[in-house]
Amino acid sequence: MKPQKPRPLPLSPPEPQSRNTVADRDSAGEKLPPPRYYLNVRLLVTACVILLVIGTAIPLVHFYQQQQTSRSLRVRAETNLADGNPGVAARQLASYLAMAPDDLEARIQLDELNWTLAEKPGQIQRAIKFTEQLLRENDGLEARRWRHVDDLIRYGRPTDAISHIEILRNSAASDFDP
């Protein structure tokens, strides 16, 4: 093999090659203008309308289904409670409250069911915890708080009972108008 000589570098940049392809020329050989792009307005409007309808319909249908499901859970819980199935009713009320946590009447009913079903120490602790949360989040449940004080004393938690009695005494003092 012979050694190759290095090629000299060009002094000026190479000229750009023109794209003279067959597609750039018409049948007479004249150069065609660059292609023009058109916007398909009808397709764009149709796509926007479809997206708008789907974008609003999905949340509305979801809200409607959630309302229907929560109502049916509440009705089933009341039916099971009337039929004498408090365990099933408590589970259904808990599921209902997961969807409608602001329903105070259902929370009070679930609290009563928890205390009705509480037989083992774990169930009693769960009932105490649920009642504590119910009383902490809602004011004006003095009768429920007195019942909770009795339950706390019965299950060996006198210090918690004393703190609830203090809360009751302070609320009675604020209600007292000399």
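In the predicted model, the buried residues of helix α1 are Ser70, Leu73, Arg74, Ala77 and Asn80, where buried means under 20% relative accessible area, exposed over 50% and partly exposed in between, with a 1.4 Å probe and protein chains only. Helices (H or I, at least four residues) and strands (E, at least two) are DSSP runs, numbered from the N terminus. The cover over the buried residues of α1 includes α2 (86–99) and α3, a contact being heavy atoms within 4.5 Å. Helix α1 (residues 41–83) has 43 residues, which at 1.5 Å a residue should span 63 Å; its end C-alpha atoms are 62 Å apart, in agreement. The expected span is 1.5 Å times one less than the number of residues. Gly84, with a positive phi near 90 degrees, follows α1.

Helix α5 was examined in the same terms. Its 13 residues (residues 142–154) should span 18 Å at 1.5 Å a residue, and the end C-alpha atoms are 18 Å apart, which agrees. Buried in α5 are Arg144, Arg145, His148, Val149, Asp151 and Leu152. Seen down the axis of α5, these buried residues fall within an arc of 165 degrees, so they line one face of the helix; the arc is that of the directions from the helix axis to the C-beta atoms. Ala143, Ile153 and Arg154 are exposed on the other side of α5. Gly156 follows α5 and has a positive phi, near 80 degrees.

The largest pocket has a volume of about 210 Å³. A pocket is an open set of points on a 1 Å grid over the protein atoms alone, where a 1.4 Å probe fits, with protein on both sides within 12 Å along at least five of seven lines; lining residues have an atom within 4 Å of a point. The volume is the space filled by probe spheres set on the points, which are joined across faces, edges and corners. The lining consists of Ala90, Leu113, Asn114, Leu117, Ala118, Gln123, Arg126, Ala127 and Phe130. Helices α3 (104–117) and α4 (121–137) each supply at least two lining residues, and α4 gives the most, with four.

Overall, the protein chain has six helices and zero strands. Of its 178 residues, 24% are buried.

Residues are numbered from 1 along each chain as its sequence is written. Local features need pLDDT of at least 70, side-chain atom pairs count only at pLDDT 80 or more, and totals for chains, interfaces and linings use all residues, while side-chain values use heavy atoms, with hydrogens and water left out.
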